[in-house]
Amino acid sequence: MTAIISIHSFYLFKFRLHSFSTKYRLLLSTINRYLQLLRSKASMVVKGKKLQKKPSRKEQSKEFVSVKSKKKNDILSESDMEDEEMEEQQSLDGDEGENSGSDLSSDGDDTFAGDVLQGSDDEEKGSGSDSDLDSDDSDVEKKSRAIDDEKEREEKEALDELQLNIKEQPDEFRLPTQEELEEEARGPPDLTGLKQRIKEVVRVLSNFSSLRQEGATRKQYIEQLKMDLGSYYGYNEFLISSLVEMFPPVELMELIEAFEKPRPITLRTNTLKTRRRDLAGVLLNRGINLDPLSKWSKVGLVVYDHQVPYGATPEYMAGHYMVQSASSFLPVMALAPQEKERIVDMAASPGGKTTYIAALMKNTGIIYANEMKEQRLTKLTSNLQRLGVTNTVVCSYDGRELPKVLGHNTADRVLLDAPCSGTGVISKDESVKTSKNAVDVQNCSRLQKELILAAIDMVDANSKSGGYVVYSTCSMMVIENEDVIDYALKKRDVKLVPCGLDFGRPGFVRFRERRFHPSLEKTRRFYPHVHNMDGFFVAKLKKMSNSKGVPAAASEVEEVVEEGSEIEPSTTENPEAEICKPQRKEMLKKGNKSSTTVNGSLKRTNEEKPEKRKKFKPLPREEISKAREEKRHALREAKKKATTKETKSASKKARPGV
C-alpha cells in the first residue's frame, strides 16, 4: 500500500510541475525513471499480497482515511513551498535568474535527493515485506506438506483396515448348516442377512463350477434360494418353485424385483371421439404430465405424474380415453379386427378390449361381449356407453355354452382373454404370492382348455376375412399357456400363426420334461423386467376346417393304448411283445367283423369299406422297464424256491447214511 500511495503522490507532484514554467521540465525525465522503478516494485508487492488475506472493511476504511489525510498534508506543504519560490523569483534580477535557477535546481536536487532517500527507505521497507512474504510462503508450504502427509497416512490406514476386513471374511460363500437355520427360525427374520445370502447364492449359481462349496450340490443351493426368497419377499413354496424352474437365477431376481414395483399408468385414446395428439394437449394443460406410450401403439399414452385425478377429468367422463394397462392392448392388436365383421369377446368385462375392438371397427359390424359374472355387467355396460360404442351386444353366459347360443362356425374372429391365476400381475395384487397353489392352477388350466375348444368351434373356417382365435392370459405358468395351446392343436384342426407383434419373447417349445408343438415359438410372452408391463401371454390360431374333433381312427388307437397299459406283464422272454399281444388281438377281432367265410376262405363284403391300417403306438418306457423288473423279480423268486427244494432233498438223502 505504501508503494501505491507514493506513486499517487508523485503523479500529483508531476502534475504541479508541469503546470509551472519550463524550468522544471528537466526534472520530469528523472521522475519518470523513478516512477517506472516504483511501478515494478509495486507490481511485485501486489503479487506477494495476493497470497495473504484481504483486510476487513473497517481496516480498509481506516487506511483510506489515513491516505486522504496524508495526501492533503502533502498538497498543502507543496503549495507553501511554491509560494515562497515565487516571491524569491520576483525579488531577484534577470542576471541573477541563472543563479537562482541553479539554486532552484540545487533545491530541486535536494528535494529529489530527499525523495530518493525516502524511496530508499521505502525500498528497505519493501525488502522487509518481501522477506515477510518469503516467510509466509515457507509457512504455507509447510502447512500444505503437513496436510498431504496427513491425507496419505489416513489413506494408508483405510487401505490396511480394508485388507484386514477382507482377510477376516472367507473367500467362498458357505451354505448355512441345519443348526444355524433352526436358530434363525426361532428368532425374528434378519432381512439384511437374508438379502446378502440371496445375492451370494445367485452369484455362486451363475458360476457354479468355480464358486461352489466343496461337497455341495446345485440342488442344495437352489433349495436355499427358494427358502430365502420365500421368506424375504413373501412367496409360498409352490409359486417360488415354479418361478425358479422357469428362469435362471440372475433373471429370476430381476423379475421378482420388478414385481415389487408398480407398472406405469397408461391411457388408451378412444379414436371414436378424439385423436391422441388433441387428447395429449388437453391433458397437459390440466396438469397431467404424459408422453406417447411407444412406437408399437398409436393410441397409448403413459402418465408420469398428475396434479389432478386422471380418472375424473371432463375428458374421461366424456369418453375420450380409457384407463387401461399396456399389456391389454396386445390381444386386440393380435386379433386385428376388420370392419363389418362378426366378433365374439368371451370374457369382456370391464370393457377395455371390447371398446378397443369397436374403435378399430369404427362402430361397424357386430360384437358379442360376453361376461359370465352378472355383478361385472354394470361396469361393462357403463364403459360401452361412456365411450360411445354402438355395435355391441352384451350377454351373460358360461363361455363353454356360447357355441350352443351363438351357433357353431358363425363368428369371423374370437377373442378369449381367459380367466387365469394372475401370476403375471403380482405388482397389482400381492395376495397372489400366497393365495395360489398347484390345485388352483390346475383348475384354471382345465377351464381354459374347455373355453378354447368352445372358441374354436364358434369360428368359421370359411370366413373370407377371418377364421382366427386369439388366446391370452395374464399368467406366467406354462400349464396355463403353452400346455393349453398344445392341447387345442391336438383336439382341433387349427394351426398357429404369427401374432403380428414385433416384440416379446417366443413361447416355450420344451419345458423340463414336457415337449410341445414346434410352432409354439410363434406365441409371445411378455415380462415385467423386460418390457415394463404386466406378465402376459398371447397366441393366435387359424382354423383350417370346420370339422369338429379328431378322426375316429386316432381315437380308437388312443383307446387301444389306454387298455394295453393296464395289462399286467407275463413271464415271457420279450415283455414288449407280450404287452402288445392284446392290442393285436383286439385289432384282429375288429378286422374279422368286416369279413365273411366263403368256401373256407376269408372274403370282405362289398358293402363295407376296408379300414385304414392303424398305427401301432408303443407303450411308455417306464411301463416297459417296470414290466421287465417284475419279470426279473419273478425269475429270482423261482430260482430261490428251486434251490431251497434241492437243498432240502439233498439233506434228506444224506441223513440215512449218517
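Modeller: The dialogue below goes through the chain as a whole and then through selected features. This is a predicted model, in which local features need pLDDT of at least 70, side-chain atom pairs count only at pLDDT 80 or more, and totals for chains, interfaces and linings use all residues. Residues are numbered from 1 along each chain as its sequence is written, and side-chain values use heavy atoms, with hydrogens and water left out.

Biologist: How many helices and strands are there in the chain?

Modeller: Helices (H or I, at least four residues) and strands (E, at least two) are DSSP runs, numbered from the N terminus. By that rule the chain has 23 helices and 17 strands.

Biologist: What percentage of the residues in the chain is buried?

Modeller: Buried means under 20% relative accessible area, exposed over 50%, and partly exposed in between, with a 1.4 Å probe and protein chains only. Of the 658 residues in the chain, 36% are buried.

Biologist: What share of the contacts in the chain with a separation of 6 or more comes from residues 24 or more positions apart?

Modeller: Contact means heavy atoms within 4.5 Å. Residues 24 or more positions apart account for 72% of those contacts.

Biologist: How many disulfides does the structure hold?

Modeller: A disulfide is a covalent bond between the sulfur atoms of two cysteines. The criterion here is a pair of cysteine sulfur atoms within 2.5 Å. The structure holds zero disulfides. Cys444 is in no disulfide, and the nearest cysteine sulfur, that of Cys420, is 6.9 Å away. Cys444 counts as buried because its relative accessibility is 17%, and Cys499 is buried with a relative accessible area of 5%.

Biologist: How many aromatic pairs does a search of the whole structure find?

Modeller: Rings of Phe, Tyr and Trp (its six-membered ring) pair if their centres lie within 6.5 Å; planes under 30 degrees apart count as stacked, over 60 as edge-to-face and the rest as tilted. The search finds ten pairs. The rings of Tyr316 and Tyr321 are tilted, because their centres are 5.6 Å apart and their planes at 55°. Tyr316 and Tyr321 are both buried. The rings of Phe508 and Phe511 also pair, with centres 5.5 Å apart and planes at 50°, so that pair is tilted. One aromatic cluster is formed by Trp296, Phe329, Tyr356, Phe503 and Phe526.

Biologist: Which charged end sits over the ring of Tyr316?

Modeller: A charge sits over a ring if NZ of Lys or CZ of Arg is within 6 Å of the ring centre and within 35 degrees of the ring normal. The charged end of Arg386 sits over the ring of Tyr316, 4.0 Å from its centre. Likewise, the charged end of Lys542 sits over the ring of Tyr468, 4.7 Å from its centre.

Biologist: With which side chains does the side chain of Asp417 make polar contacts?

Modeller: A polar contact is a pair of N or O atoms within 3.5 Å; within protein, one must be able to donate a hydrogen and the other to accept it, and residues adjacent in sequence count only if both atoms are side-chain atoms. Asp417 lies in strand S8 and is buried, with a relative accessible area of 17%. Its side chain makes polar contacts with the side chains of Lys353, at 2.8 Å, and Ser472, at 3.1 Å.

Biologist: Finally, which residues does Glu482 touch, not counting residues up to four places away in sequence?

Modeller: Glu482 lies in helix H19, residues 482-491, and is buried with a relative accessible area of 0%. Glu482 touches Gly507, Phe508, Phe516, Leu520, Arg525 and Phe537.
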